[in-house]
Amino acid sequence: MEYIEVPILSECFAKGKKPEYLFWVGCLGSIDDRAKKISRAFCQILSACEVDYAILGKEETCCGDPVRRAGNEMLYQMQALTIIEMLKMYEVKKIVTFCPHCFNTFKNEYPDLDAEFEVIHSTIFLENLVEQGKLKINPDIFNKNIITYHDACYLGRANNIYDTPRNLIDKLTGNRTEMNRCRSYALCCGAGGAQMFKEAEKGNKEIFIERIEEVLEIKADIIATACPYCMVMLSDGIKYKNEEEKISNYDIIELIAKSLL
Amino acid sequence: MIKQIIFIITLLLTLGIFSYTIFNLIALFKLTKTFPIRNFGKRFLIMLKVALGQSKIFRKPVLGLMHALVFWGFCVISVGSIEMVIDGVSGSEKSLSFLGIIYKIILFSGDVFAAIVLVMITLFIGRRVFLKIKRFNGIEMTHKTHLDAYIALTMILLLMLSLLGMNTFYISSNNNIAEIKGFYPISNFLTTIIGNGEEDANLYQFFWWIHILLIFIFANILPYSKHFHVFLSVPNVFLSRLEPLGKLYNMDNVTKEVKIMMNPETAYAAGDPNAVPERFGVKDAEDVSWKNYFDALTCTQCGRCTSVCPANITGKKLSPRKLMMDLRARMREKGPELIKNGKSYADNKSLNKEYFSYEEIWACTTCNACAQECPVNINHPSLIVDMRRYLVMEEGEAPSGIKAAFSNVENNGAPWQFSSEDRLLWTKEISQ
């Protein structure tokens, strides 16, 4: 296995280089075994497209989304103000991230604390790369697969990004299919609002089971996601239902990394 | 002349009761927190699209159309109602007929819409009685809330019947067709069945009075009913939040404290040391913003929010509709006492315990499906987060898993227990 360097912002800065983009990996992308694969795939695409980027590495910390939604505004603002100070010190102008929660917090909430960054979600970033001709996708890898897309709440309803992920999937296969509840009607995976960190309240079903049952009703063999939280929940759901043979869950980034020309 | 005097007395009585209601409501609004409203141009466009265009109600296409027809009908018919008030006060008849062709179009469509609304309301009543609609049920839906719905639907039904009766006998009591002002296709047809008796002129007066009295009664019932939305939904849409649904409002009082913590030298410059610190978040009805309370009064309990809530769908207690109903009920209970006894009044109850409990507060995934679905742009998740803010920052209360996530973020910068030293491990495994 050949190793490639992932540029670290502090090291670039010490050498007097200022990368154009900060790739904000996010907590799940840094530490969750499944989501780490998305981070790797994204770096693979970034190098293939010769994007000038760096990551914060050990200096990265939680953006504050889960603690804020759990009501801890104090801790959120401490995280946010620390991060904003650090990013200003590194003169970061553009941030790209594949976590819709980090994306939403940076884009919509940090400006209240005097942050001025351009924030781009990975799906938009990849679509731009395709449009610029830098990212070339092999249409033959997944063209036999039936792919459905699970809308992440923090991309869709929260930020009105519905078409971009679908456009990317359409470059991979002609067989994109939709679940009954999709786009602004999409059902949450159950992880947002800090639910990921607690036991669910008393009910008759887990939310991710409700969603995975809906996925299994349609004839898709790949469920594409664009959020590491959704990925944790849906992958769990597939395992829970013992349907790993029938359907797999990938981030759109991973699908594209496998289809690089 | 006698008719005129009776009418004016009735009108003054109606306006008097209505003003009393509004006066009381304003007193309740004064208990709530401020909430800035800017950008009126954009709001106007949203109002055109979502309120007048009914864009969100069309998310359920068939029912959406049925509701839209009722709404548009109301808009047209209310012009006729205004004319009736002018006629009643001035003792004239059809006082707006000088508007010419516009007048004819309005009365024409008012007559047609009266029949359409009549059919729609009959269908709505039938649907409530005979079909078991899931979203009309739930722990918050009681006998009283159902009764409230039936009262409003019956009132509207009677309003439309009296309007058609009034139009029909107006036509049939006029011997000279040339004297008839306006054009009424449905009522014209009805005259072929029921009109042409000697009592027609009296029947016209009868239905005229029934119709206007129903309007006056309806207007004074509405503020105490879930159907207050007849008045409030258009303004509520005008006042809707303009930011993306994903955004939470910043707590500036927290920013102040955090900045002092991060940079202690600024502490001395930080304003009045004697200022009473404001409560963080929402514990009870008086902690909400006036916009939250406006939402609660506007909610007509349609339950579209609850029907898409992932927590509710999977059998949890959380129902976004219940939050709006609880806030309204709690304000009705505590508000007048706060006005009477002052801000320190307490009754050992609170919105976040006896009404919208911890179990409900913590079940929300902030997915915003409820806010997306609400036809009048109510925002439930931001209020739920405000309730969490109170629990966490004022009482240190949170589910154990969330408390652990807090301490992990504080100690190692991630909601999981994972050293920041290990944040780069994934880069060692990249291959190309």
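**View 1. Tyr149(A) faces Ala224(A), a residue of S7(A).** The model is predicted: local features need pLDDT of at least 70, side-chain atom pairs count only at pLDDT 80 or more, and totals for chains, interfaces and linings use all residues. Residues are numbered from 1 along each chain as its sequence is written, while chains are lettered from A and ligands numbered from 1 in the order in which they are written. Strand S5 (residues 147-149) and strand S7 (residues 222-225) of chain A pair in the parallel sense, over three bridges. Strands here are DSSP runs of E, at least two residues long; helices are runs of H or I, at least four long; both are numbered from the N terminus. Pairing requires at least two DSSP bridges between the strands. The open sheet of chain A has four strands in the order S6-S5-S7-S8, with parallel pairing. Strand S6 (176-177) and strand S8 (248-251) of chain A stand at the edges. Each has a single partner strand, so one side of each is left without a neighbour in the sheet. Helix H9 (residues 163-172) of chain A packs on the sheet and touches S5, S6 and S7 of chain A. Its direction makes about 175° with that of S5(A).

**View 2. S3(A) pairs with both S1(A) and S4(A).** S1(A) and S3(A) run parallel, joined by four bridges. Phe23(A) stands opposite Val96(A) in S3(A). S3(A) and S4(A) also run parallel, and four bridges join them. Val96(A) has Ile120(A) as its bridge partner in S4(A).

**View 3. Helix H6 (residues 100-109) of chain A is largely enclosed by the rest of the structure.** Nine of its 10 residues are buried. A residue is buried if 20 or more other C-beta atoms lie within 10 Å of its own, exposed if 12 or fewer, and partly exposed in between, with C-beta atoms placed from the backbone. The buried residues of H6(A) include Pro100(A), His101(A), Cys102(A), Phe103(A) and Phe106(A). Lys107(A) and Glu109(A) are also among them. The cover over these buried residues includes strands S1 (21-24), S3 (94-97) and S4 (118-121) of chain A. It also includes helices H4 (65-69), H8 (156-159) and H11 (228-240) of chain A.

**View 4. Asp236(A) lies in helix H11 of chain A.** Asp236(A) is partly exposed, with 19 other C-beta atoms within 10 Å. Leu261(A) is 25 residues from Asp236(A) in sequence and 31 Å from it in space, C-alpha to C-alpha.

**View 5. Helix H4 (residues 101-130) and helix H5 (residues 143-172) of chain B pack with their axes 9 Å apart.** The angle between them is about 150°. H4(B) is therefore roughly antiparallel to H5(B). Angles under 35 degrees count as roughly parallel, over 145 as roughly antiparallel, 65 to 115 as roughly perpendicular and the rest as oblique. Axes are lines fitted to C-alpha atoms, for helices over the stretch in contact, and angles run from 0 to 180 degrees between N-to-C directions. The crossing of H4(B) and H5(B) is left-handed, meaning that the near helix is turned anticlockwise from the far one by less than a right angle (clockwise would be right-handed). Residues making the contact include Asp111(B), Leu118(B), Phe124(B) and Arg128(B) of H4(B). On H5(B) they include Leu153(B), Met160(B), Leu164(B) and Asn167(B). Contact requires C-beta atoms, placed from the backbone, to lie within 7 Å. By class, this contact has 15 nonpolar, one polar and two charged residues. Nonpolar covers Ala, Val, Leu, Ile, Met, Phe, Trp, Tyr, Cys and Pro; charged covers Asp, Glu, Lys and Arg; the others, Gly among them, are polar.

**View 6. Helix H3 (residues 61-90) of chain B packs on H4(B) with axes 8 Å apart.** The angle is about 140°. H3(B) and H4(B) are therefore oblique to each other. Their crossing is left-handed. H3(B) contributes residues including Met66(B), Trp72(B), Gly73(B) and Val76(B). H4(B) contributes residues including Ser109(B), Gly110(B), Phe113(B) and Met120(B). The contact of H3(B) with H4(B) has 16 nonpolar, four polar and no charged residues.

**View 7. Chain B touches chain A through 61 residues, which meet 62 residues of chain A.** Helices H9 (252-262), H12 (310-313), H16 (369-373), H17 (381-395) and H18 (400-412) of chain B each supply at least two residues of this side of chain B. H18(B) gives the largest share, seven residues. This side of chain B divides into 32 nonpolar, 16 polar and 13 charged residues. Chain B as a whole has 18 helices and zero strands.

Conventions:
Two residues are in contact if their C-beta atoms, placed from the backbone, lie within 7 Å.
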